[in-house]
Amino acid sequence: MMNWLRWVWQKLRERFVGRPEPVGLQVARVEDLPDVLEQSRLYLVGEGEYLWSVAMLCPCGCGETLQMNTLPEARPRWEVEQHQDGTATLHPSVWRKVGCRSHFFLRRGLVQWCGDED
Ligand SMILES: [Zn+2]
């Protein structure tokens, strides 16, 4: 929760100070997902050039680990686009059907919440 507040604070400060700081989730390449994830990171799990899944802590602050499959044969599966600034974009959106029911897009490491859920 504190990390989320910090993120909001950073966005506010960015708006008023007018200095664009990279606040997006930074990509971390790992072979195994660590036991404790950092809220500010998007984990790309794989070996070498192969990517199996991406993982992150739920941005709502509920503490759940979200894992998105990136294997070609997986359904559903997500596409990860990596950017020069160390962030990434996920396609399609992430939608938890259980628990907090978070629904958001991750674009350039930034969480963009979706509106109403049906
Ligand atoms: Zn959540």
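Reply: Pro 76 sits in the loop between strand 4 and strand 5; strands here are DSSP runs (E, at least two residues) and are numbered from the N terminus. The model is a predicted one, in which local features need pLDDT of at least 70 and side-chain atom pairs count only at pLDDT 80 or more, while totals for chains, interfaces and linings use all residues. Residue numbers start from 1 along each chain as its sequence is written.

The bond between Arg 75 and Pro 76 is a cis peptide bond, with omega about -5 degrees. Most peptide bonds are trans, and most residues other than glycine have a negative phi.

Two strands count as paired if DSSP finds at least two bridges between them. Across this pair, Glu 81 faces Thr 89 of strand 6. The two strands form a hairpin with five residues between them, where Gly 86 has a positive phi near 85 degrees.

In a regular strand the side chains alternate between the two faces of the sheet. Strand 6 (residues 88-91) has Ala 88 and Leu 90 on a covered face, and Thr 89 and His 91 on an uncovered one.

Pro 92 belongs to the loop between strand 6 and strand 7 (94-95).

Further along, Arg 101 is in the loop between strand 7 and strand 8. Arg 101 is not a glycine, but its phi is positive, near 55 degrees. Arg 101 counts as exposed because 11 other C-beta atoms lie within 10 Å. The cut-offs are 12 or fewer for exposed, 20 or more for buried, and partly exposed in between, counting other C-beta atoms within 10 Å of the residue's own, with C-beta atoms placed from the backbone.

The last stop is a hairpin of strand 8 and strand 9, with two residues between them. Strand 8 (residues 103-107) and strand 9 (residues 110-113) are antiparallel and share four bridges. Phe 104 has Trp 113 of strand 9 as its bridge partner. Arg 108 lies in the loop between these strands and has a positive phi near 50 degrees, although it is not a glycine. Arg 108 is partly exposed, because it has 15 C-beta neighbours inside 10 Å.
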